[in-house]
Amino acid sequence: MPIKITHKYLVEGLVFTSYVLFAMAWVGGTASMNNIMASMHIESYASASLLSGAVTLAKIVGTFAAAYLTLKFGVKYAFLVAALLIVTGVMTPYAPNYELLLVSRFLMGLGGAFMIVYFNPIVMHWFAPEERPVINGLNAVAFNVGTAIVLWGMPSINAISGGWQQSLLVFSLASLVLALLWLLVKFEQAPSHQANAQQDAITSYSYLDGLKDGFNWAYALTYSGLLSFYICLFTFYPLAGISQSKWVIGFGIVGTIAGILYSRKQPLRLPIIRLSGLLIFLTVLGLSFGSAPWLQTLCAIVLGFCIFLPVTALVSIPHELPKMTSQKITVIFSLFWSISYLISTLVLWLFGKLVDINQGSYFASFLLITLLSATVFVGSYFLPETGQAKE
C-alpha cells in the first residue's frame with residue numbers, strides 16, 4: 001500500500017515550510033545580488049533592478065492566473081506546479097548568463113505568487129472554521145520567518161554550506177524534496193469539509209464575477225496601500241538614510257503571533273484591523289518624518305508589530321463570508337493579490353519619480369506613502385464584520 005499523507009497538520013507543515021523556503025531562496029538571492037552581478041560582470045544597476053521588476057511582474061501575473069490553474073488541475077496539482085516553479089531558483093546561483101538568471105527569478109516569483117493564493121483553498125479544505133484563523137496566521141508569517149532566517153543567519157548558513165552559491169542550491173533542493181512529498185498528500189479525500197466540493201460543483205464564481213463583486217475591490221484596496229509602503233520600506237528607505245527597516249521584520253513575527261492569539265479569544269475582525277490601521281498610519285508618519293533616531297527605531301518596532309497584528313483577522317474575513325466555496329475563495333485571493341501588487345508597482349514607480357522630480361528630496365514621496373498607508377484604517381469601514389461576538 002503506497003504511503004499517503006492524510007493528517008491535516010502534516011499538510012500544513014508542508015505548506016508552511018514550502019513558503020518559508022521560497023522566502024529564503026528569494027531574499028537570499030536578493031541579498032547575494034552583488035555577488036551574482038560580480039560573477040556575471042554586470043555593472044548596470046538598471047539590469048539588477050530589472051530582476052526585481054521581473055519578479056514583481058511575476059507576482060501580478062501569477063496571482064491573477066492562480067485561480068485558472070486550480071480550475072484546470074485542482075488545488076493539489078496547482079500547488080505542485082507552484083512548488084516546482086520555486087525549485088527553478090536553482091538556476092540563480094549558477095546561471096551562465098543574465099538572460100537565464102532573469103528567467104529563473106521570474107519563474108521562482110511566479111511559483112511564490114501561485115502558492116500564496118493556494119494557502120486559502122487548502123486551509124478551507126482541511127481545517128474546520130474555528131481552526132482557520134490560527135492556520136491563516138501561521139501561513140501569513142511564513143515569508144517573514146524565511147526572511148528573518150536569511151537576514152540574520154545568512155553568514156552562518158554560508159559558512160556551513162561553503163558559500164552563497166551552495167546556500168541557494170540547498171534552499172532549492174529542500175524545496176524540491178517538499179514538492180515531492182506534496183505528491184503523497186491524499187488531497188482528493190481530505191477528512192474534513194467534503195461538502196465544500198459538492199458546493200463548488202453547484203456554485204460557480206468566475207473572474208468576471210469576482211471583478212463585479214464590490215467586496216473584492218474594497219478588500220484589495222484596503223491592503224494595497226500597506227503593501228505599497230512595505231515594498232517602498234525595503235526598496236527606498238535605506239537609500240534615504242533610514243536603516244530601521246530591519247526592526248519591522250523581527251517585530252512582524254511577534255505581531256503575527258499576537259494576532260493569532262487575539263483572534264482565538266476575540267472573533268470580531270474589524271476592531272483589531274481598525275486600531276492597527278490607525279497605529280500604522282501614525283508610526284509610518286514618525287518613521288518617515290521623525291528627526292531623532294530613537295523615535296524612528298521605536299516607530300519601526302511598533303510598526304512591524306502593527307502591520308502583522310491584523311493579518312489573521314484580515315485573511316479570515318473571506319473564509320467567514322456566507323456560502324463560501326474553495327473555488328470562490330481562490331478567485332477572491334487571486335484578485336486580492338493581483339490588484340494589490342499592481343497598485344503597489346505603480347506606487348513604487350511614482351515614489352521614485354517624485355524623488356527624481358524633487359532633485360533627490362524624499363519629502364513628497366514620504367508624504368505620498370504615509371497617506372497611502374492609511375488605507376487599512378479607511379478600508380476597514382468598507383469591509384463586512386464576519387466574526388460573531390461571543391455571548
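**Reading salt bridges, burial, helix packing and a surface patch**

Modeller: With a relative accessibility of 27%, E320 counts as partly exposed (buried is under 20% relative accessible area, exposed over 50%, partly exposed in between, with a 1.4 Å probe and protein chains only). The model is predicted, so local features need pLDDT of at least 70 and side-chain atom pairs count only at pLDDT 80 or more, whereas totals for chains, interfaces and linings use all residues. Residues are numbered from 1 along each chain as its sequence is written, and side-chain values use heavy atoms, leaving out hydrogens and water.

Biologist: Which residue forms a salt bridge with E320?

Modeller: A salt bridge is a side-chain nitrogen of Lys or Arg within 4 Å of a carboxyl oxygen of Asp or Glu. Here the partner of E320 is R269, with the closest N and O atoms 2.5 Å apart. The pair links distant parts of the chain, 51 residues apart: E320 lies in the loop between α13 (311-319) and α14 (326-357), and R269 in the loop between α10 (245-265) and α11. Helices are DSSP runs (H or I, at least four residues), numbered from the N terminus. R269 counts as buried because its relative accessibility is 3%.

Biologist: How many salt bridges does the structure hold?

Modeller: There are two. In one of them, the side chains of K8 and E131 meet at 2.8 Å, N to O. K8 is in helix α1 (residues 8-31) and E131 is in the loop between α4 (98-126) and α5 (132-161), so that 123 residues separate these distant parts of the chain. K8 counts as partly exposed, at 22% relative accessibility.

Biologist: How many residues of α13 are buried?

Modeller: Nine of the nine are buried, so α13 is largely enclosed by the rest of the structure. Among them are V311, L314, I317 and H319.

Biologist: How is the packing of α9 against α14 described?

Modeller: Two packed helices are described by the angle between their axes and the distance between the axes. The axes of α9 (residues 214-235) and α14 come within 7 Å and cross at roughly 45°. Axes are lines fitted to C-alpha atoms, for helices over the stretch in contact, and angles run from 0 to 180 degrees between N-to-C directions. The two helices are therefore oblique to each other (under 35 degrees is roughly parallel, over 145 roughly antiparallel, 65 to 115 roughly perpendicular, the rest oblique).

Biologist: Where does the largest share of the nonpolar patch come from?

Modeller: Three of its residues come from α15. L367, in helix α15, is partly exposed at 40% relative accessibility.
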